[in-house]
Amino acid sequence: MERTGVEMSDVELLGAVATGDRDALRGLYDRHAPWLRIRLGRRCPDPGVVEEVLQDTFLAVWRKPATFQARGEVGAWLWGIAIRRLLSAMRPRRALPWERLVAPPVPSAEDIVLLDVAHGELAHAVDALTPELRAVIQAVVMDGLSSREAAQLLGVPAGTVRTRMMRARTQLREALS
Amino acid sequence: MTYPSGEPGVFESNRHPCRVSIELLREYVSGRLGASAAGALELHLIACAACQQGVAAAGGADANERARHESTWARLALDIEPAPAVAERLAIRLGLPPHVATLVASAPPLRTAWVLILTALLGLSVLAAYMGQGPAGTLAFLVLAPIVPVIGVAIAYGQVGEPVGELAGVAPYPAFKVVLLRTMTVVTAALVPAIPLSFLLPAVGPSHLLLWLLPAVAASTTTLAVATWIRPERAAAFTMLAWLAIAAPSATRARFLSSDELIARLPLFQPAAQVMFVTVAVLAVIVVVHRRALLGGDPGLGGLP
């Protein structure tokens, strides 16, 4: 999967895309599509939809590379496009099976990734939440969605997202104190 | 803190040394990683080139994943426009937005060839002016040069079915702008090689540039003006015939003259004629501006006012 542009930075590749360089788009695609695919796959069980969303996302990159603001990460920008494309691809809304949305917790894993102790405690607290609350935390905190967008992703009313978010915050605060 | 398996830093790159192990990335890719750890890793993945590469490598080991990656790219490649041509990159470098550059630079494949052929014809005229005794070469150049851009315009619109012709019909710009942009491109492409060639003519120095440049401008603008009534390629044919009709009487007298006398005597090359060309050009521009809404519309409606 490694082609041209491997040694160029994301921002440089994006600049080349703005001049109509297809190889640069291919470079960005090879670099970012794999992790976007996995991350989208954890939020949408249908691989066909995920691939459509990826195609849409990189088409948007090709057509409007200038919407990237010079500050910030290209990866964050791409994820922002991808998650919103996923949301519109999932209309009409239907509830997702929770077990596909949130993988079952593996207790041994978090201390590997979470590099400081406080983070580790938070991880335990998050894993201890019910799947519903965890999904809301994931959508709102980690994916940076608004409560309305999270509601769309999770197939519940926006008010439900807000109340679940409040409950999740309370439980986390209790677990950490 | 322990790293149960896989050496830390396997995916260390020069820019992003990373302590996340390959085993952890594999757990994540296979969906075995818990929610909080996966969430933290996802936040980390946004910015870590080494881990992005690690995920790609872990997923790339799976043939299905690789096939999906390639087939999505293949569909994406169909969606994106073809690679920009040299002319298009040049236009972008000159400061045109990419979509305008596409419009300007996209051309029927034959257009470039035609411009080359016409330029070669002009070159032959120059050669004839040197080698022949009479003024035939000079005259050929002075009559031919003004219609080169007009022929260019005719060719640019000649193939109704070609994609860019349709692009001009459906592009989200006023059709006027599209036609004007493309005509200007064609005219420029046709005139640029003709100018240095005209300097090579034995009897036509820099001061005589006006002899053919003015008729060229008049012919191009007239073509645009007529194109508000009929299809551009027919308008171009009309203008060419009109120009040849004007130039023909001069040609019949030319055989008795030398090149210098040709320019000194023929009415076509006198100040009065040049004033006329300027007048025609100005009138044509007024017509074009006045009737711009009718320019470059549906070719099927050509002829309807």
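This is a predicted model: local features need pLDDT of at least 70, side-chain atom pairs count only at pLDDT 80 or more; totals for chains, interfaces and linings use all residues.

**A contact between two chains**

Reply: Start with A:Asp30. Its side chain makes a polar contact with the side chain of B:His69, at 2.8 Å. A:Asp30 sits in helix H2 of chain A, which covers residues 22–41. Is A:Asp30 buried or exposed? It is buried, because its relative accessible area is 7% and the cut-off for buried is under 20%.

Now look at the nonpolar residues. The largest nonpolar core has 71 residues. Which of them have the most contacts inside the core? They are A:Leu25, A:Phe58, A:Leu86 and A:Leu153. Take A:Phe58 from that group. Leave aside its neighbours within four places in sequence, and A:Phe58 is in contact with A:Leu25, A:Leu28, A:Tyr29, A:His32, A:Ala33, A:Leu36, A:Leu78 and B:Leu76. One of these partners, B:Leu76, belongs to chain B. In general, nonpolar side chains tend to be buried together in soluble globular proteins.

Next, chain A as a whole. Chain A has ten helices and zero strands. From the N terminus on, its elements run α-α-α-α-α-α-α-α-α-α. Chain A has 177 residues, and buried residues make up 51% of them. Consider its contacts with a separation of 6 or more: residues 24 or more positions apart account for 65% of these.

One helix pair in chain A is worth a look. Helix H9 of chain A spans residues 147–154, and helix H10 of chain A spans residues 158–176. Their axes come within 8 Å and cross at roughly 105 degrees. H9(A) and H10(A) are therefore roughly perpendicular to each other. H9(A) brings A:Ser147, A:Arg148, A:Ala150 and A:Ala151 to the contact, while H10(A) brings A:Ala158, A:Val161 and A:Arg162. These residues divide into four nonpolar, one polar and two charged.

Chain B has a pair to set beside it. Here the helices are H1 of chain B, residues 22–30, and H2 of chain B, residues 35–45. Their axes come within 11 Å and cross at roughly 110 degrees. H1(B) and H2(B) are therefore roughly perpendicular to each other. The contact is made by B:Leu24, B:Leu25 and B:Tyr28 of H1(B), with B:Ala38, B:Leu41, B:Glu42 and B:Leu45 of H2(B). The residues of this contact divide into six nonpolar, no polar and one charged.

Stay with helix H1 of chain B, where B:Glu27 is found. B:Glu27 counts as buried, because its relative accessibility is 12%. B:Glu27 and B:Ala38 are eleven residues apart in sequence. In space, their C-alpha atoms are 9.1 Å apart.

Further along chain B is B:Val282, in helix H15, residues 271–290. B:Val282 is partly exposed, with a relative accessible area of 45%. B:Val217 is 65 residues away from B:Val282 along the chain, yet their C-alpha atoms are separated by 9.8 Å.

Finish with chain B overall. Chain B has 15 helices and zero strands. Of its 305 residues, 46% are buried. Among its contacts with a separation of 6 or more, residues 24 or more positions apart account for 65%.

Note on methods
Residues are numbered from 1 along each chain as its sequence is written. Chains are lettered from A and ligands numbered from 1 in the order in which they are written. Side-chain values use heavy atoms; hydrogens and water are left out. A nonpolar core is a set of buried Ala, Val, Leu, Ile, Met, Phe, Trp, Tyr and Cys residues joined through side-chain atoms within 4.5 Å. Buried means under 20% relative accessible area, exposed over 50%, partly exposed in between (1.4 Å probe, protein chains only). Contact means heavy atoms within 4.5 Å. Axes are lines fitted to C-alpha atoms, for helices over the stretch in contact, and angles run from 0 to 180 degrees between N-to-C directions. Helices (H or I, at least four residues) and strands (E, at least two) are DSSP runs, numbered from the N terminus. Angles under 35 degrees count as roughly parallel, over 145 as roughly antiparallel, 65 to 115 as roughly perpendicular and the rest as oblique. Ala, Val, Leu, Ile, Met, Phe, Trp, Tyr, Cys and Pro count as nonpolar, Asp, Glu, Lys and Arg as charged, and the others, Gly among them, as polar. A polar contact is a pair of N or O atoms within 3.5 Å; within protein, one must be able to donate a hydrogen and the other to accept it, and residues adjacent in sequence count only if both atoms are side-chain atoms.
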